[in-house]
Amino acid sequence: MTYENLLVEEQDGIITLTINRPKALNALNTQTILELQHFFGEDAPQREHVKGVILTGAGDKAFVAGADIKEFLSLDTQQGQAMAQRGQDTFFLIERFHKPVVALVNGFALGGGCELAMACHLRIATENARFGQPEVSLGIIPGYGGTQRLIQYLGKTKATELLLTGDMIKADEALQLGLLNYVLPAAEALDKAKEIIKKTATKGPIAIAKVIESINAYFQYDEDGFAREVAEFGHTTGTEDFKEGAAAFIEKRQPDFKGE
Ligand code: CAA
């Protein structure tokens, strides 16, 4: 596959994977999701010599500002569910990748961007990073695992507040809350990500893979909250409220929700 929206650079066995749509603050359109799916599902597993992956966003303003609102604003319920399922399946490939994936969060990580960072094994942020799940401001809910993973990292209390208010938090607060491993100046963050991956590469590769599998096993619940999220995301994409929320975003005004 030729990537339109991903830059893949490999140096000393470490891949830096950059989401490259800076004019749209690296928003995840369908093409980008399909490219991530191909990279983690087919491309990276074949690169047996690789030590790990650093995932980041192009430019100095955003990691990823969410799913591409302009692309999905006309989806109905079924199409919304298909979109959420595709995104969740892709993010599971990242979470289940057998080598460390480190998110290098270099700016806004909102909506699908926060969800993408949470699907990575470790998160290092620069000091200007901002995190949040602002979907309710658009009249929808998170669809790429946000209602599940935010609770996993933050606990129910703070996650509920952020999911209900759509508020953004700064990097230092995200660090205190347990969402991040490190907050560093931009000049040091990449080196730290490389240092961690190099250290893991000195360990037993099967042990590294099995630690990742075992950590993921801790979060296998009887009730499938991810499936519930897909259903409810599709429900919200089919509402008039979402049409109004997305239109308000594009027209740069406050939404007037009717609860329909
Ligand atoms: N989708 C599409 N385009 C986006 C985008 C997104 N998520 N985020 C930003 N952009 C675009 C803007 O429309 C703008 O494009 P134009 O120049 O063509 O108008 C460009 O990127 C720059 O953005 P802003 O002018 O808005 O920059 P700003 O500095 O004023 O604000 C921001 C930055 C606070 C991140 C703001 O862009 C913003 O609020 N973005 C949307 C964040 C959001 O709601 N994310 C959730 C999306 S829904 C989702 O992710 C669902 C899911 O779980 C699957």
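Please bear in mind throughout that the model is predicted.

I begin with helix H1, which runs over residues 30-46. Its 17 residues should span 24 Å at 1.5 Å a residue, and the C-alpha atoms at its ends are 24 Å apart, so expectation and model agree.

I turn now to the ligand. There are 25 residues around it, and those that come nearest are Lys-61, Ala-67, Gly-112, Glu-115 and Glu-135. Gly-112 has a polar backbone atom 2.8 Å from an oxygen atom of the ligand. For Ala-65, a polar backbone atom is 2.9 Å from a ligand nitrogen atom. For Ile-69, a backbone N or O atom lies 3.0 Å from a nitrogen atom of the ligand. On its own the ligand has 980 Å² of accessible area, of which the protein covers 75%.

Finally, I consider Lys-258, found in the segment after helix H12 (240-250). Is this residue buried or exposed? Lys-258 counts as exposed because its relative accessibility is 55%, and the cut-off for exposed is over 50%. Its side chain makes a polar contact of 2.7 Å with the side chain of Asp-256. Lys-258 and Glu-244 are 14 residues apart in sequence, with their C-alpha atoms 8.9 Å apart in space.

Definitions and conventions
Residues numbered from 1 in each chain as written. Predicted model: local features only at pLDDT ≥ 70, side-chain atom pairs only at ≥ 80, totals over all residues. Heavy atoms only, no water. Helix = DSSP H or I, 4+ residues; strand = E, 2+ residues; numbered from the N terminus. Expected span 1.5 Å × (residues − 1). Near = heavy atom within 4 Å. Polar contact = N/O pair within 3.5 Å; in protein donor to acceptor, adjacent residues only side chain to side chain. Areas by Shrake-Rupley, 256 points an atom, 1.4 Å probe, with all protein chains shown as cover. Buried < 20%, exposed > 50% of the residue type's maximum accessible area, 1.4 Å probe, protein only.
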